[in-house]
Amino acid sequence: SAIYRVKFSTRVHGNTYINRKMFQITKNTQVLRNGGVVRIQYNGRENLSVECGPSSEKTCFYMEEILLVNMKSGDTLQVEDLFSKDGGHVYDLRFCMSISDRSKIPGDEESLVVTH
């Protein structure tokens with residue numbers, strides 16, 4: 001088993017509003033208890049509006065989340081796009097994993113949100 005640093009990022013366009021459930025991160029078909037639901041959040045930061053793409057004139061909302069996840073051999077981690085199912089548009093979705101230097105997650109949790 002190892003602790004992985006998981007970085008999720010994307011740009012979205014459509015009916016976005018604060019606290020909207022946009023994506024789910026599942027481990028072995030179960031939504032992660034800590035950080036498994038990715039929602040639209042501002043957390044007092046600057047405007048997160050960005051261009052949707054190089055040839056697009058649309059404005060998108062940038063989303064990013066970094067998690068620590070305890071993974072064992074044979075575990076699977078997946079992102080489910082809930083936003084596109086409701087007619088939204090998702091651009092440049094990235095889901096990257098790397099082994100972290102941690103040996104455990106505080107509180108012996110399965111996952112931990114490092115940043116929203």
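Okay, hi everyone. One thing before I start: what we're looking at is a predicted model.

Let's begin with the cysteines. If you search the whole structure, you find one disulfide. It joins Cys 52 to Cys 60, with the two sulfurs 2.0 Å apart. Which hand does that disulfide have? The torsion about the S-S bond of Cys 52 and Cys 60 is about 105°, so it's right-handed. Both Cys 52 and Cys 60 are buried.

Cys 96 counts as partly exposed, because its relative accessibility is 44%.

Next, the inside of the protein. The largest nonpolar core has 17 residues, and those with the most contacts inside it are Val 12, Met 22, Phe 23, Met 63, Val 69 and Leu 77. Which elements give two or more residues to this core? They are β1, β2, which covers 21-27, and β6, which covers 59-71. Strand β6 supplies the largest share, five residues.

Ignoring residues up to four places away in sequence, Met 63 touches a whole list of others, including Val 12, Met 22 and Phe 23. Ser 9 is on that list too. Ser 9 sits in strand β1, residues 2-13, and at a relative accessible area of 7% it's buried. If we skip its neighbours within four places in sequence, Ser 9 is in contact with Tyr 62, Met 63, Glu 64, Asp 92, Leu 93 and Arg 94. Keep Glu 64, Asp 92 and Arg 94 in mind, as they come back in a moment.

On to charges. Side chains of opposite charge can pair when their charged atoms come close. How many salt bridges does a search of the whole structure find? The count is nine. One of them is between the side chains of Glu 64 and Lys 7, at 3.5 Å from N to O. That pair links distant parts of the chain, with Glu 64 in strand β6 and Lys 7 in strand β1, 57 residues apart. Glu 64 is partly exposed at 27%, and Lys 7 is partly exposed at 32%.

Another salt bridge pairs Glu 109 with Arg 33, and here the closest N and O atoms are 2.3 Å apart. Glu 109 is in the loop between β8 and β9, and Arg 33 is in the loop between β3 and β4, so this pair ties together parts that are 76 residues apart in sequence.

Last topic: backbone angles. Most residues other than glycine have a negative phi. Asp 92 isn't a glycine, yet its phi is positive, about 55°. Asp 92 lies in strand β8, residues 89-99. Asp 108 has a positive phi as well, near 55°. Where is Asp 108? You'll find it in the loop between β8 and β9, and at 61% relative accessibility it counts as exposed.

That's me done, thanks!

Definitions and conventions. Residues numbered from 1 in each chain as written. Predicted model: local features only at pLDDT ≥ 70, side-chain atom pairs only at ≥ 80, totals over all residues. Heavy atoms only, no water. Helix = DSSP H or I, 4+ residues; strand = E, 2+ residues; numbered from the N terminus. Buried < 20%, exposed > 50% of the residue type's maximum accessible area, 1.4 Å probe, protein only. Contact = heavy atoms within 4.5 Å. Disulfide = S-S within 2.5 Å. Core = buried A, V, L, I, M, F, W, Y, C linked by side-chain atoms within 4.5 Å. Salt bridge = Lys/Arg side-chain N within 4 Å of Asp/Glu carboxyl O.
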